[in-house]
Amino acid sequence: MDMTLVVGSKTFSSWSLRPWLVLKQTNIPFTEVVIPLNQVATREQIKRYSPSGRIPVLLHGDVRIWDSLAIAEYLHELFPDKGLWPQNMADRALARSVSAEMHSGFGAMRQQLSMNVTKRFSTPDLTDDTQSDLKRVFDIWNECLNRSGGPFLFGSFTIADAMYAPVTTRLTTYSIPLTGAIEKYVHTMGALPAMQEWVRSAIGEAEGS
Ligand SMILES: N[C@@H](CCC(=O)N[C@@H](CS)C(=O)NCC(=O)O)C(=O)O
């Protein structure tokens, strides 16, 4: 049965990137619908698909799932052999914890370092709250990478990497100084063909194509 993922502008829509990346990384075929954000018609267009008025939304037959993490969980249930969560139960619990922490937190970092995959800025004066969000993200990544040995948070690509993908782009966009395992992880994520495809489409949006 065909799947359609409704996403927002690739330049800005960090929540859309997450399930899009899960689908791409696991070679699950889908059709995408892109709704330009911050336009007069945006709200009305989103409402056509999403009861919450927010995107992403996954349409699969009669099933409609809104919210990035709910979509990722649905894909895991549909494709249990794709390894979208770690095999080991303790690792899976940790992966779900760090994914939920991303999903429900880091407001200061998300506000100050809002996603724009087409731009590069010099490092801004980070607020205390943004600095403590970044410290917590780096602690999470270091713990997961130490435990798994990398190159992804839980060894191979999982939903946890998709949940943190927009943080990796923000670090690059805002020229945040990085070292060691964190720098390597950001590089690993940026080198994924699917991430590069997303950025290319975003550049196309900026050019009006
Ligand atoms: N908790 C939701 C958040 C979704 C969200 O905030 N999406 C933004 C785009 S990134 C949105 O739909 N904004 C509506 C608008 O810009 O009008 C999720 O995880 O999917």
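Starting at the N terminus, the elements of the protein chain run β-α-β-α-β-β-α-α-α-α-α-α-α. That makes nine helices and four strands, where helices (H or I, at least four residues) and strands (E, at least two) are DSSP runs numbered from the N terminus. Keep in mind that this is a predicted model: local features need pLDDT of at least 70, side-chain atom pairs count only at pLDDT 80 or more, and totals for chains, interfaces and linings use all residues. Residues are numbered from 1 along each chain as its sequence is written.

What about overall size? A compact globule of 209 residues would have a radius of gyration near 17 Å, and the protein chain agrees, with 17 Å (taken over C-alpha atoms; the rule is 2.2 Å times the number of residues to the power 0.38). The C-alpha trace spans about 45 × 40 × 30 Å along its principal axes.

Now look inside. The largest nonpolar core has 52 residues, and V22, A72, I159 and A160 have the most contacts inside it. Such a core is a set of buried Ala, Val, Leu, Ile, Met, Phe, Trp, Tyr and Cys residues joined through C-beta atoms within 7 Å; buried means 20 or more other C-beta atoms within 10 Å of a residue's own, with C-beta atoms placed from the backbone. Helix 7 (residues 159-173) gives the most to this core, eight residues.

Note on methods
A residue is buried if 20 or more other C-beta atoms lie within 10 Å of its own, exposed if 12 or fewer, and partly exposed in between; C-beta atoms are placed from the backbone.
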